[in-house]
Amino acid sequence: MVYIIAEAGVNHNGKLDLALKLVDIAKESGSDAIKFQTFKADKLASKEAEKAQYQKETTDSSESQVDMLKRLELSYDEFRQVKEYCIKKGIEFISTPFDLESAEFLNELNVNVYKIGSGDLTNYPLLRKVARTGKKMILSTGMSNMDEVENSVKYVIDNGCSELVVLHCISNYPTKNKDLNLLAIKTMKEKLVLIKPDIEIGFSDHTEGIYASVYSVCIGANYVEKHFTIDKDMEGPDHRASLNPE
């Protein structure tokens, strides 16, 4: 059985009505869960931080990283509404916290699953905060090496995480097929079961299209996370590397 996470991310463009529409799309698609990103822009980026190159190509290149993120924020109250709507629609609500305050908020929201993004794989204060909730954790591993992955897996287990999923990930948006390195899924499974025998391995897919996700399952992924959007032509940093509803 493959667990499908429809990654909404910030493709709601900071608007509650679009976030709810994304929930509808994810449910209609047959996804098991929908995942968002919970953050406070001022805690995530400095005023001097530039955008990533792919963000410059898909949004106003003169805008700062923090100003873009502020436009893409949902408030805590809006997240409460989104989670309630997910319960109503019968789909799991998951979110990625990008700071300690957001992690605490998601705990108060009583989420069942936390997702840790690739950039925070070695953010031990955040890993500790989430692991100590005792909730299921999903770790993405983009830009990391195997030592870092193994160390973080050991760390969250030592801090109370009992259910753990690790996702192979390439942090290019979009990812080219030649860069996929899907055999890393087998390598991670072989190495990480020595640390935690019931660990699950999956794939966070940033390619355009669905074939890489299908191939990842053939190699052994039992979780697949895939960005999706209402319309790939919408303005915003991640729409281009996302799937249209169909």
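A polar contact is a pair of N or O atoms within 3.5 Å, where one must be able to donate a hydrogen and the other to accept it. Keep that in mind for the first view, and remember throughout that this is a predicted model.

View 1. Let's start with Glu7, which sits in strand β1, residues 3–9. Where does the side chain of Glu7 reach? It goes to the backbone nitrogen of Gly9, at 2.8 Å, so the pair falls within the 3.5 Å limit for a polar contact. Glu7 has a relative accessible area of 2%, and because buried means under 20%, Glu7 counts as buried. Look around and you'll find its neighbours from elsewhere in the sequence: Lys35, Phe36 and Gln37, plus Glu225, Lys226, His227 and Phe228.

**View 2. Phe93 and the largest nonpolar core.** This core has 51 residues. Phe93 is among those with the most contacts inside it, along with Ile34, Phe36, Met137, Leu164 and Val166. Zoom in on Phe93 and you can see it touching Ile34, Phe36, Phe79, Val82, Lys83, Cys86, Leu106, Leu109 and Val111, leaving aside residues up to four places away in sequence. There's also a second, separate core of eight residues, including Ile5, Ile138, Val165 and Leu167.

**View 3. Helix α7 crossing helix α8.** Here the axes of α7 (residues 124–131) and α8 (residues 146–158) come within 9 Å of each other and cross at roughly 40°. That angle makes α7 oblique to α8. The crossing is right-handed. Who makes the contact? From α7 it's Tyr124, Leu127, Arg128 and Ala131, and from α8 it's Asn151, Ser152, Tyr155 and Val156.

View 4. Most residues other than glycine have a negative phi, and most peptide bonds are trans. Now for some exceptions. A cis peptide bond joins Tyr173 to Pro174, with omega about -5°. You'll spot Pro174 in the loop between β6 (164–169) and α9 (184–192).

View 5. Asn13, in the loop between β1 and α1, has a phi near 55°. For Met143, in the loop between β5 (136–140) and α8, phi is near 70°. Are they buried or exposed? Asn13 is buried, with a relative accessible area of 16%, whereas Met143 is exposed at 67%.

Technical notes. Residues are numbered from 1 along each chain as its sequence is written. This is a predicted model: local features need pLDDT of at least 70, side-chain atom pairs count only at pLDDT 80 or more; totals for chains, interfaces and linings use all residues. Side-chain values use heavy atoms; hydrogens and water are left out. A nonpolar core is a set of buried Ala, Val, Leu, Ile, Met, Phe, Trp, Tyr and Cys residues joined through side-chain atoms within 4.5 Å. Buried means under 20% relative accessible area, exposed over 50%, partly exposed in between (1.4 Å probe, protein chains only). Contact means heavy atoms within 4.5 Å. Helices (H or I, at least four residues) and strands (E, at least two) are DSSP runs, numbered from the N terminus. Axes are lines fitted to C-alpha atoms, for helices over the stretch in contact, and angles run from 0 to 180 degrees between N-to-C directions. Angles under 35 degrees count as roughly parallel, over 145 as roughly antiparallel, 65 to 115 as roughly perpendicular and the rest as oblique. A crossing is left-handed if the near helix is turned anticlockwise from the far one by less than a right angle, and right-handed if clockwise.
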